[in-house]
Amino acid sequence: MRYSEYFLPTTREVPADAELASHIYCLRAGLIRKVASGIYIFLPLGMRVLQKIETIIRQEMNAKGAQEVLMPVLQPKELWEKSGRWTEYGPEMMRLRDRHERDFCLGPTHEELITSTVDAEIFSYKKLPLHLYQIQVKFRDEIRPRFGLLRGREFIMKDGYCFCSNQKELEVIYQKMYEAYARVLERCGLDYAVVEAESGIIGGEVSHEFVVLADAGESELVLCPGCGYASNAELAHFSWTTIPDREDMKEAALVETAGIKTIEALAHYLSVEPKKTIKTMLVQEGKNIFAILIRGDRELSLAKSARHLRRSIGLVEQDTLSAHPEIRMGYVGPFGLNAIPILADLELKESQNMVIGANRDNFHMVNANVGRDFQVDQWEDFTYPVWGDKCSKCANELEFKRGIEVGHIFQLGTKYSKSLGATFIDEDGQSQNFVMGCFGIGVTRLLASIIEQKHDERGIIWPVSVAPFQVIILLLNPTNNRQREAAEHLYEIFQKHGLEVLLDDRDERAGVKFTDAELLGIPFICLIGNKLEREGLVEVKIRESGDSFELPLEGVVFRIQEIMGNQERGIQVDKGDTF
């Protein structure tokens, strides 16, 4: 491809609404252009990267026995009503009505549609397991689209669904997808973690997230450097930093704390550490309220709480509180909450002489003790870990990192097959619901994540496996006949050997060409300039390492192929090598 003929609009300016590196460089390097909030067009360079990523995904899916299909974006309301998700999904679902007043949605996911399709075609266990996938555009009406491709309203995703006759078959496919997703990320050159995760609205009891490690990521990860345990922070298991020393039980007393409603202010006013206070968090499902007690310096994990309660919950709303005059917000505590179930974090089981809300305006209770001053109905782990907490498996101190979720796999069980009435006949002649799994990986999200992890102040640094071009030739002086002939000859050599090459033959200054080459992130930059005329040498710069070497024209392609082969085999180029 010749740069002079290629639609590749680059820009030097940083877009005003772009915050993250991936958003900035996607725009500056001419991969995408904004159409509307959270909606982008992919230009030719961006399309080449997308196609590379999709090819890797297809190869890994097909290698594990999955079969590709393509489902419609438009889905009828009736299917989603059967599963209960038409209303459950909420305002993120993009709904519309056709000229016949029939309701549809633009699919954010395809569990309902694929389940109804398989139910209509598969009747016997002999046809199971079946694993289908697609790569397709999805829609979610994000309230605040931001970060470019990382949180858009329209995005490309690979979503797959398996249908099994039993749990064992599901677990086999689940493991295959675990391995396949790991291979996809490795082939994309990414540093990643696989963590235990919350299934959320998709459902199921078991799920794992595949997270690309990046400081700009929205996911907080908890990792153990000792045993390799990894989890999303909202579900992480941990051992507490310290067990409180045993104390003599002191007499409880009410203390006036007018206007003091935060843990920090309360601890300062009473001259105690925040860990000697108890926060009473109120959550609800429908009109049902639950009180969850946690240590004052901890944060409540709604994901752990929902999993323990086996309910979809959220923090209590003001309208719900109107039916509970005994609750005094700002001073709420377990004392006197007789009509509300009280749950408590396990860390509080050995606590003594704590500060709690007194359920009386402007008052707290000091020296409160469980069993004497208040009762707990259930004990469970309800909180996030913090720095200093230990791994519950090997006692090493946990580490915390941030990352971008790019893939999520689920063991759905029979959630959708039951709600949609999808069945098959087992080997005993009995009707059974399909046992299902669901596997998603974001294609556009992967593209952005690669840039987020692999860039510098000059631009993108593409791994060879997904780079739009593997080599760019910079013809530094297009009016010099010898340089032009050499550039054309090298261009033909690369093409002959199957390398993807971009020839920058524009009538631009050398500095402009080199700046654009680094911005685009193409792995190998070949400079055809004065050195060719004086010494017959081509200078090659490696974008990732910054290393360079010089070779005669005919030897360049073989050296680049050698380096690419070493990278594929995981062999690092020695920076001390003299080429």
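At what angle do helix H1 (residues 21–28) and helix H11 (residues 443–453) pack, and how far apart are their axes? The legends below take up this question first, and every view is drawn from a predicted model.

**View 1. Packing of helix H1 against helix H11 in the predicted model.** Helix H1, which covers residues 21–28, packs against helix H11, covering residues 443–453, at an angle of about 105 degrees, and the two axes lie 8 Å apart. Because angles from 65 to 115 degrees count as roughly perpendicular, H1 and H11 are therefore described as roughly perpendicular to each other. On the H1 side the contact is made by Ala-21, Ser-22, Tyr-25 and Cys-26, while H11 contributes Leu-447, Ala-448, Ile-451 and Glu-452. By class, the residues of this contact between H1 and H11 divide into 6 nonpolar, 1 polar and 1 charged.

**View 2. The contact between domain 1 and domain 3.** The domain assignment of the protein chain gives domain 1 as 3–236 + 400–452, domain 2 as 253–382 and domain 3 as 469–569. The centres of domain 1 and domain 3, taken over C-alpha atoms, are separated by 38 Å. In the contact itself, 13 residues of domain 1 meet 12 residues of domain 3. About 1200 Å² of area is buried between domain 1 and domain 3, and carbon and sulfur atoms give 63% of it. Within domain 1, the residues that lose the most area to domain 3 are Tyr-3, Arg-12 and Arg-48, which together account for 51% of what that side buries.

**View 3. The open sheet of 3 strands, S13-S19-S18.** In this open sheet the strands follow the order S13-S19-S18, and their pairing is antiparallel. Strand S13 (253–256) and strand S18 (354–360) stand at the edges with a single partner strand each, so one side of each is left without a neighbour in the sheet. From one strand to the next, the twist averages 35 degrees. S18 pairs with strand S19 (residues 363–368) in the antiparallel sense over 4 bridges, and the bridge partner of Ile-356 in S19 is Met-365.

**View 4. The open sheet of 5 strands, S16-S14-S15-S17-S20.** Here the strand order is S16-S14-S15-S17-S20, and the pairing is mixed. The edges are formed by strand S16 (314–315) and strand S20 (378–380), each with a single partner strand, so one side of each is left without a neighbour in the sheet. Strand S14 (residues 278–285) and strand S15 (residues 288–295) pair in the antiparallel sense over 8 bridges, and the partner of Glu-285 across this pairing is Asn-288 in S15.

**View 5. Backbone geometry at Pro-129 and Glu-101.** Leu-128 and Pro-129 are joined by a cis peptide bond, with omega at about 0 degrees, and Pro-129 lies in the loop between helix H5 (111–121) and strand S7 (130–139). Glu-101, in the loop between strand S5 (94–97) and strand S6 (103–106), has a phi near 65 degrees, a positive value in a residue other than glycine.

Definitions and conventions:
Residues are numbered from 1 along each chain as its sequence is written. This is a predicted model: local features need pLDDT of at least 70, side-chain atom pairs count only at pLDDT 80 or more; totals for chains, interfaces and linings use all residues. Side-chain values use heavy atoms; hydrogens and water are left out. Two strands pair if DSSP finds at least two bridges between them. Helices (H or I, at least four residues) and strands (E, at least two) are DSSP runs, numbered from the N terminus. Axes are lines fitted to C-alpha atoms, for helices over the stretch in contact, and angles run from 0 to 180 degrees between N-to-C directions. Angles under 35 degrees count as roughly parallel, over 145 as roughly antiparallel, 65 to 115 as roughly perpendicular and the rest as oblique. Contact means heavy atoms within 4.5 Å. Ala, Val, Leu, Ile, Met, Phe, Trp, Tyr, Cys and Pro count as nonpolar, Asp, Glu, Lys and Arg as charged, and the others, Gly among them, as polar. Domain bounds come from an automatic or database domain assignment. Buried area is the accessible area (1.4 Å probe) that two parts lose on being put together, summed over both.
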